[in-house]
Amino acid sequence: DALCADLRRLRGEADVLVASVHWGSMYVEHPPRRVVELASALAAAGADLVLGHHPHVLQGVRREGRTLTLFSMGDAAFNCRSGELDIEWTRELRRRSAAFVAHLADAPGLDVHPLVLDDDGVPRAADAAEAEAIRARLEVLSADWEGAGARFADEGSARLVRYELHALGEYLRRGRIDRVLRLLLSVRPRHLASLWSGLRGLLR
């Protein structure tokens with residue numbers, strides 16, 4: 001509510017309003033329903049451009065009225081082995097990234113420049129086949145926003161639970177009880193449905 005109030009207040013004072021939002025779930029290509037709903041609220045409050053980050057993977061793009069939302073811009077600023085946990089399957093997900101050029105003009109648009117990151121997180125321009133695959137994946141991720149919540153439940157929650165279980169095991173192995181407690185205490189009632197869906201997905 002505070003963020004939307006700020007956007008509405010600033011709308012009359014700014015030519016362009018950009019909201020940068022740390023949201024979503026790490027290494028999951030589909031945003032949860034609450035993120036999609038928040039993006040709609042930011043659009044209704046007057047944002048021209050919403051830049052999403054935190055998942056470390058590419059997610060879809062949506063235009064809603066005058067607002068362009070990039071739900072997650074990938075990982076072109078971090079070492080693919082950065083962070084406390086070095087998990088091979090997350091490194092592979094993080095390699096596919098992109099640079100985005102948003103045109104906020106009378107004829108709005110978006111240019112996508114696919115990138116591929118090496119082990120050190122240094123990006124290079126994707127070759128033709130890689131670029132086609134990245135663009136094709138973005139198109140799939142940018143379709144059917146009405147079903148985004150269901151896609152997160154069906155596909156994303158299992159990946160998220162897999163990551164969290166790996167983190168829990170690694171912290172226990174290292175004797176990092178502080179991190180174990182922090183992880184367990186971060187679970188909120190709104191997470192329970194996703195956790196249950198993710199566990200069922202892992203057991204299938």
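Student: How many salt bridges does the count come to in this structure?

Tutor: The count comes to twelve salt bridges, where a salt bridge is a side-chain nitrogen of Lys or Arg within 4 Å of a carboxyl oxygen of Asp or Glu. The model is predicted, so local features need pLDDT of at least 70 and side-chain atom pairs count only at pLDDT 80 or more, whereas totals for chains, interfaces and linings use all residues. Residues are numbered from 1 along each chain as its sequence is written, and side-chain values use heavy atoms, with hydrogens and water left out.

Student: What makes the pair Arg137 and Glu29 a salt bridge?

Tutor: The side chains of Arg137 and Glu29 meet at 2.8 Å, N to O, which is within the limit for a salt bridge. Arg137 belongs to helix 4 and Glu29 to the loop between strand 1 (18-22) and helix 2, so the pair ties together parts that are 108 residues apart in sequence. Helices (H or I, at least four residues) and strands (E, at least two) are DSSP runs, numbered from the N terminus.

Student: Why is Glu29 called buried and Arg137 partly exposed?

Tutor: Buried means under 20% relative accessible area, exposed over 50%, and partly exposed in between (1.4 Å probe, protein chains only). Glu29 has a relative accessible area of 13% and is therefore buried. Arg137, at 30%, is therefore partly exposed.

Student: Why is Gln59 called buried, and what does its side chain reach?

Tutor: Gln59 has a relative accessible area of 1% and is therefore buried. Gln59 is found in the loop between strand 2 (49-53) and strand 3 (61-64). Its side chain reaches the backbone oxygen of Val28 at 2.7 Å. Leaving aside neighbours within four places in sequence, Gln59 is in contact (heavy atoms within 4.5 Å) with several residues, including Val28, Glu29, Phe71 and Leu138.

Student: How do you know that the buried residues of helix 1 line one face?

Tutor: In helix 1 (residues 2-11), Cys4, Leu7 and Arg11 are buried. Seen down the axis of helix 1, these residues fall within an arc of 60 degrees, so they line one face of the helix. The arc is that of the directions from the helix axis to the C-beta atoms. The buried residues of helix 1 pack against helix 2 (33-44).

Student: What makes the buried residues of helix 6 a single face?

Tutor: Arg179, Val180 and Leu183 are buried in helix 6. Down the axis of helix 6, the buried residues fall within an arc of 105 degrees, so they line one face. These buried residues pack against helix 5, while the face turned away from the buried side carries the exposed residues Arg182 and Leu185.

Student: Why is Leu185 called exposed, and which nonpolar patch includes Leu185?

Tutor: Leu185 has a relative accessible area of 63% and is therefore exposed. Leu172, Ile177, Leu181 and Leu185 form a nonpolar patch on the surface, with about 410 Å² of accessible area together. Patch residues have over 30% relative accessible area and no salt bridge, with nonpolar side chains (Val, Leu, Ile, Met, Phe, Trp, Tyr) joined within 5 Å and like charges within 9 Å. Accessible areas come from the Shrake-Rupley method with a 1.4 Å probe, and for residues only the protein chains shown count as cover. Helix 6 (residues 177-185) gives the largest share of the nonpolar patch, three residues.

Definitions and conventions
Polar contact = N/O pair within 3.5 Å; in protein donor to acceptor, adjacent residues only side chain to side chain.
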